[in-house]
Amino acid sequence: AGMHRQLSQKPDAHEDSVWAVDWTKGTNCIVTGGVDGKVKVWDPEDLKLKTVLHDDYLAVTSVSSSTDGKFVASSSMDGLISVFDIATGKKMLSISAGTVNVWTVAYSPLGDILATGTHAGNINTWDLKTGKMIESYQTGGNFTLSVAYSPDGNMFAGSTHDGVVSVFDNGGKLLHKLSGHKEPVRSIAFSPDSGSLLTASNDKHVRLFEMKKGQQVGTFSGHRSWVLDVAFNPAGSTCLSSSSDKKIRLWDLSTKEAIHTIDSHTDQVWSVAFDESGKKLASVSDNGSLVTNEIIAQSKGLK
């Protein structure tokens with residue numbers, strides 16, 4: 001097993017559960033969204049609070065940052081999609097999408113487009129220049145829990161409460177309907193090379209699918225409860241999963257073995273994110289805490 005060490009801990013990052021975390025590229029900030037209705041920006045070095053982007057929402061269900069790290073989008077239970085400038089803390093855009101139309105958000109790598117998941121199982125895309133909806137796509141499942149874009153911008157996907165995962169090309173054509181999970185799929189993530197997709201489910205498993213044919217090529221098993229979030233490291237060699245079992249696991253994608261189990265949290269770990277280097281991770285929990293850990297690579301010759 002590899003080594004890791006806890007860097008910082010913020011026990012009361014939010015006044016209630018924290019459901020979402022992202023670690024921005026370029027600007028190197030940690031962004032969290034909480035059930036207390038706040039979106040917060042943190043300095044990763046010492047977890048000092050830099051900005052509270054907004055604080056009068058209902059529960060914030062999702063946050064997603066732009067590829068350049070300059071903007072962050074959030075969704076909240078009152079049906080609002082908000083976009084903020086991270087440097088100034090200014091709200092750039094607020095879209096009232098309706099309470100059942102936005103549970104989760106994903107920023108497109110192509111810039112001014114956002115995808116949201118809806119209670120009806122759709123993926124809606126939004127033009128951030130105009131604030132208008134572009135298109136709505138049906139996943140074929142009910143209640144879209146997670147949406148993701150491939151880093152190359154050629155695909156987007158949504159996962160649903162009944163275990164359906166649908167992958168579309170840029171034009172909205174259904175490429176793959178991935179089977180494997182019978183229970184809610186709470187998180188999906190594309191690999192850095194856009195060649196595969198990870199899925200995390202209430203069935204305690206993480207599955208890996210290749211994107212040419214949509215075939216399952218691996219299963220990661222070891223969590224003892226729902227898997228709530230999943231993330232690829234920037235090199236595409238490992239992935240993180242976080243769970244209701246209060247643990248975070250780091251997996252080797254080639255061997256499908258767990259390299260680390262991280263026990264930093266005392267409550268379910270809703271969300272996890274790598275930094276740009278892939279050496280550090282941020283995680284958030286049901287009890288309001290935010291934690292950073294560092295992965296320490298072992299040199300091959302030393303046991």
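How much of the chain's accessible surface belongs to carbon and sulfur atoms?

1. Surface. The share is 49%, out of an accessible surface of about 12500 Å² for the chain. Keep in mind while reading on that this is a predicted model.

2. Overall build. You'll find 28 strands here and 0 helices. Along the principal axes, the C-alpha atoms fill a box of roughly 55 × 45 × 30 Å.

3. Of the 303 residues, 58% count as buried. If you take the contacts with a separation of 6 or more, 42% of them come from residues 24 or more positions apart.

4. Charges. I get 33 negative side chains and 29 positive ones. The centres of these two sets lie 4 Å apart.

5. A closer look at Ser271. This residue belongs to strand S26, which covers residues 269-274. Its relative accessible area is 6%, and the cut-off for buried is under 20%, so Ser271 counts as buried.

6. Who surrounds Ser271? Setting aside neighbours within four places in sequence, its contacts are Trp19, Ala20, Val21, Asp229, Ser242, Ala282, Ser283 and Val284.

Conventions
Residues are numbered from 1 along each chain as its sequence is written. This is a predicted model: local features need pLDDT of at least 70, side-chain atom pairs count only at pLDDT 80 or more; totals for chains, interfaces and linings use all residues. Side-chain values use heavy atoms; hydrogens and water are left out. Helices (H or I, at least four residues) and strands (E, at least two) are DSSP runs, numbered from the N terminus. Buried means under 20% relative accessible area, exposed over 50%, partly exposed in between (1.4 Å probe, protein chains only). Contact means heavy atoms within 4.5 Å. Accessible areas come from the Shrake-Rupley method with a 1.4 Å probe; for residues, only the protein chains shown count as cover. Lys and Arg count as positive and Asp and Glu as negative; His and the chain ends are not counted. The place of a charge is taken as NZ of Lys, CZ of Arg, CG of Asp or CD of Glu.
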